[in-house]
Amino acid sequence: STASMDKHPQSQERGITLDLGFSSFSREAPAQFQEKGFETINFCLVDCPGHASLIRTIIGGAQIVDLCCLVIDATKGIQTQTAECLVLAEIMASQLIVVLNKIDMFPEGEQEDGLKKCKAKLRKVFDKTKFGGDLPMVALSANPGAQGKPPVGVEELVETIKTHLAVPERDANG
């Protein structure tokens with residue numbers, strides 16, 4: 001998350017982002033990229049809160065989006081801003097990975113059942129989109145317990161991205 005870089009007081013207090021945020025990292029290219037001559041791939045993460053005032057900005061950068069990770073609170077499911085981001089993903093992305101965050105917030109002993117129910121509901125929603133219901137979903141906890149514990153599921157997310165990301169086709173003429 002780019003919440004730590006968001007200067008809005010509500011962002012700082014709640015650990016969420018209200019402003020558009022960016023971060024990036026590089027990884028060794030997966031096999032499908034190496035076959036095309038790429039040794040590394042650069043990931044540019046754009047944290048897109050679903051505020052109507054930012055939608056124009058997000059659409060303006062749509063040409064650089066090759067894959068969208070839609071982060072959903074696993075305990076709440078699709079909220080209003082999630083739905084807005086899903087609409088944006090349908091407009092600007094050809095690939096989608098659903099990231100189910102906050103899995104540590106399920107009550108003790110209910111995580112497996114809670115995730116199963118959440119995924120079933122979400123698959124019904126995504127079945128009605130261009131992505132279909134059989135899209136990859138990764139469960140994680142980016143900040144488990146907010147007590148300095150290490151994130152859970154982040155490596156699985158990176159591997160899922162590397163596995164599902166197709167080599168983008170670019171128009172050499174711009």
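This is a predicted model: local features need pLDDT of at least 70, side-chain atom pairs count only at pLDDT 80 or more; totals for chains, interfaces and linings use all residues.
The secondary structure of the protein amounts to 6 helices and 5 strands. In sequence order these elements follow the pattern α-β-α-β-α-β-α-β-α-β-α. Of the 174 residues in the protein, 36% are buried. The exposed surface comes to about 11,100 Å², of which 52% is supplied by carbon and sulfur atoms. When contacts between residues at least 6 apart in sequence are considered, 61% of them join residues at least 24 apart.

Helix H5 spans residues 111-126 and contains 16 residues. From its first C-alpha to its last, H5 reaches 22 Å, close to the 22 Å expected at 1.5 Å a residue. The buried residues of H5 are Gly114, Leu115, Cys118, Leu122 and Phe126. These residues lie on the same side of H5, because they cover an arc of only 95° around the axis. An α-helix has 3.6 residues a turn, so residues three or four places apart point the same way. On the other side of H5, the exposed residues are Glu112, Lys116, Lys117, Lys121 and Lys124. The packing partners of the buried residues of H5 are strand S3, helix H4 (80-92), strand S4 (96-101) and strand S5 (137-139).

Strand S3, one of the elements against which the buried residues of H5 pack, comprises residues 68-73 and includes aspartate 73. The relative accessible area of aspartate 73 is 15%, and this residue is therefore classed as buried, the cut-off being under 20%. Beyond its neighbours within four places in sequence, aspartate 73 is in contact with Asn101 and Lys102. Asn101 falls within the range given for strand S4 (96-101).

Glutamate 28 is located in strand S1, which covers residues 21-28. With a relative accessibility of 55%, glutamate 28 counts as exposed, whereas aspartate 73 is buried. Residues up to four places away in sequence being excluded, glutamate 28 touches Gln34, Glu39, Thr40 and Lys162. The contact with Gln34 involves polar atoms: the side chain of glutamate 28 makes a polar contact with the side chain of glutamine 34 at 3.3 Å. Glutamate 28 and phenylalanine 38 are separated by 10 residues in sequence, and their C-alpha atoms are 8.9 Å apart in space.

Conventions:
Residues are numbered from 1 along each chain as its sequence is written. Side-chain values use heavy atoms; hydrogens and water are left out. Helices (H or I, at least four residues) and strands (E, at least two) are DSSP runs, numbered from the N terminus. Buried means under 20% relative accessible area, exposed over 50%, partly exposed in between (1.4 Å probe, protein chains only). Contact means heavy atoms within 4.5 Å. A polar contact is a pair of N or O atoms within 3.5 Å; within protein, one must be able to donate a hydrogen and the other to accept it, and residues adjacent in sequence count only if both atoms are side-chain atoms. Accessible areas come from the Shrake-Rupley method with a 1.4 Å probe; for residues, only the protein chains shown count as cover. The expected span of a helix is 1.5 Å times one less than its number of residues. The arc is that of the directions from the helix axis to the C-beta atoms.
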